[in-house]
Amino acid sequence: MSLWAVLLAVLALGALGFWLGRRRALGFVAQAGSEVGAVHSRPHQHGVFVAILSLLPALAVIAAWAALAGGLVSREVLASLPEGAVGPSDLERSAFLAEVRGLVRGDYAAAFNAHAEAAAAVWKASATRYAMLFGSAALALGALGALWGWSRLTADFRARTRVERFVMLALVLASLVAILTTFGIVASLLFESFRFFQLVSPVEFLFGTQWSPQTAMRADQVGSSGAFGAVPLFWGTVFIGAIIAMLVAIPLGLMTAIYLTQYAAPGVRKVAKPVLEVLAGVPTVVYGFFAALTVAPAVRDFALSIGISNASSESALAAGLVMGVMIIPFVSSMADDALTAVPRSMRDGSLAMGATPSETIRKVLIPAALPGIVGGVLLAVSRAIGETMIVVMAAGLAARLTANPFDSVTTVTAQIVALLTGDQEFDSAKTLSAFALGLVLFLVTLALNVYALAVVKKYREAYD
Amino acid sequence: MAAHEGAAADGAAETTLKMTARDVRVFYGAFEALKGVSIDVTKEDVTAFIGPSGCGKSTFLRCLNRMNDTVAGARVEGRIELDGQDIHDPAMDVVQLRARVGMVFQKPNPFPKSIYENVAYGPRIHGLAAKKADMDVIVEKSLRRAGLWDEVKDRLSDSGTALSGGQQQRLCIARAIAVNPEVILMDEPASALDPIATAKIEELIDDLRGRYAIVIVTHNMQQAARVSQKTAFFHLGSLVEYGDTRQIFTNPRETRTKDYITGRYG
Ligand SMILES: Nc1ncnc2c1ncn2[C@@H]1O[C@H](COP(=O)(O)OP(=O)(O)OP(=O)(O)O)[C@@H](O)[C@H]1O
Ligand SMILES: [Mg+2]
């Protein structure tokens, strides 16, 4: 009895339950008449009710089967082995079990371990037994559930209410998945960061200016401790994401929004807005190689041509410029929303005073839309500092405290990538520092988002 | 004062023409909202526009300072003159026109700036005050004329939007008169206000009469009778009757006017 066959059978059982429930309810209708209220719920609702009662327990058993059977079988196999047949370590055990599984599936012609053949037989027997157990349990529960549900149906049985409640429950569970995952991620960030802060003091991490997370391979190596002062990373992140990128994105995004909301003919607007949205949908890795292959060399050549001899091929400027371009649609669409939310009467009032359109924009519309624009810019900053691909490809990995945009700097995200690629010991300070960096990034973007959304919301209310 | 013969005949000795409109038509796309309106606005009087909703009063009012230019799809035909000068003439700059012909809207629309800055907005744009002291004088004079000075003199730096609706509307009137216009257009300036605030606005209009030519759109017959000297009755995009307010309200020539005034339709 394979899992798939049982699953199909259970589904068929559910369908049968639906049909039976519906047929029974049709009988009520035939008896009581079809005006509203004669039979409380519609026939298909009775059917769904029976199907749910049948499917729910059966599917639960199948889920348990899928989750538990592997472990139970392995345990029986290991228990059947004579003393000392496999080594005591987890690694040896799982290698042995993998071999047994291969034999059972017929991947291997002959066994490497002497006990594997016997173990494979045990495996087969045990797997069959559990399949029988879970399979018949699922079918039995499914049938019982259907029967119980079917027996409860009467003309005034409230199947609709129950089905609705079940639908709501299912929706709540679905949304819980995302929420719980978020909580899980935050919890793991917190937990691993805590472990990191046991190795490195938070004060050193947050305020130290030396970043060189090399931990030694052997304990007796020189310089084995590494330095975990993250200020250069924070600076690099701010320099690229909040300064250079915003110097590009704010003016261009704002002017785009002003043009589109105030000057553009409806036809132009209809074309330009979707194009901007496409720009926002370009995968960041594309921006990344644009930054690395086109912009960065151009920036370096420019720097050399104006006499900066030590310009590197990776620079804060290149990454920041491209990130700024990437953020433009974001800023412009937020500013667009803010500007369109300013009531038309405000604009008319200014124009009627004899103000020109550009005076109206500068003196009335932008000040009126300012909170919304500021909120949008903060959201854009929070996106920029969390952006990874562009900085990994174009900013470099040198943790440097510099205000020279032609220098290469590194950011929090780029470092996290660097720390976690390659072979890692999971409990070294080097690896754990990635979690601490992630935590800081998470907290900062969270704070920015919450604050920005509050600003934008308050602003919207002001004009409602 | 019995010799008024409709639109063009208003040449009585004590009044001077400020604005004249001849055969003004307005199209919103293909829809003809105004079907040839001719009217004279006199300098000394308050002129009231009345008529059922959708008859084109606001549309015509917006023609007088070319605010219809800002409405997408609107097209204006016909000739409108301010002191004998065609307002659609290329020589007439729309910025100057709007400085000379001010406007107050139905819903108070103060800018989200301080009371002071609201009033100073126009003078700043048109460069009417060289020094801060000059601006202070203009702001105070305008607020006084709008009857708002005593209520706000101690909080000129508060936001204009924090005032009550009636105060906001008087602030908008102060804002309009701060640039010293010749004509003030008011589109139902009191329709969003309670009776007391309305009475204040009416009083104010009476005070301003003579200094500025005033055109007011209103749905309130009593208001038109109280504040205006001339009344124009619009219906379905046409000017039906125009004359002395007293004559329109006591002895209308057209049955449509009479029916509207006595509330038989509207
Ligand atoms: N922007 C516009 N686009 C299209 N049609 C318009 C526009 N503005 C006004 N109209 C139409 O023109 C006609 C006159 O409108 P207008 O606003 O001048 O009427 P009104 O007399 O001021 O009415 P109310 O007393 O309700 O304010 C109406 O039929 C209206 O639907
Ligand atoms: Mg109107």
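## Basis

This is a predicted model: local features need pLDDT of at least 70, side-chain atom pairs count only at pLDDT 80 or more, and totals for chains, interfaces and linings use all residues. Residues are numbered from 1 along each chain as its sequence is written, chains are lettered from A and ligands numbered from 1 in the order in which they are written, and side-chain values use heavy atoms, with hydrogens and water left out.

## Interface of chain B and chain A

Chain B places 22 residues in contact with 20 residues of chain A. Contact means heavy atoms within 4.5 Å. The area buried between the two chains is about 1,600 Å². Carbon and sulfur atoms give 64% of that area. Buried area is the accessible area (1.4 Å probe) that two parts lose on being put together, summed over both.

On the side of chain B that touches chain A, the elements giving two or more residues are helix H2 (94-100), strand S6 (101-104), helix H3 (115-125) and helix H6 (165-177). Helices (H or I, at least four residues) and strands (E, at least two) are DSSP runs, numbered from the N terminus. The residues on this side divide into 14 nonpolar, five polar and three charged. Ala, Val, Leu, Ile, Met, Phe, Trp, Tyr, Cys and Pro count as nonpolar, Asp, Glu, Lys and Arg as charged, and the others, Gly among them, as polar. Zero salt bridges are counted between chain B and chain A.

## Ligand 1

The shell around ligand 1 has five nonpolar, six polar and three charged residues. Strand S2 (31-42) and helix H1 (57-64) of chain B each supply at least two of its residues. H1(B) gives the most, with four.

A polar side-chain atom of B:Ser58 lies 2.5 Å from an oxygen atom of ligand 1. For B:Gly54, a backbone N or O atom lies 2.8 Å from a ligand 1 oxygen. For B:Glu188, a polar side-chain atom lies 3.3 Å from an oxygen atom of ligand 1.

## Salt bridges

Over all chains, the structure holds 27 salt bridges. A salt bridge is a side-chain nitrogen of Lys or Arg within 4 Å of a carboxyl oxygen of Asp or Glu. B:Arg100 and B:Glu182 form one (2.9 Å, N to O). This pair links distant parts of the chain, 82 residues apart. B:Arg100 is in helix H2, and B:Glu182 is in the loop between H6 and strand S7 (183-187).

Definitions and conventions. A polar contact is a pair of N or O atoms within 3.5 Å; within protein, one must be able to donate a hydrogen and the other to accept it, and residues adjacent in sequence count only if both atoms are side-chain atoms.
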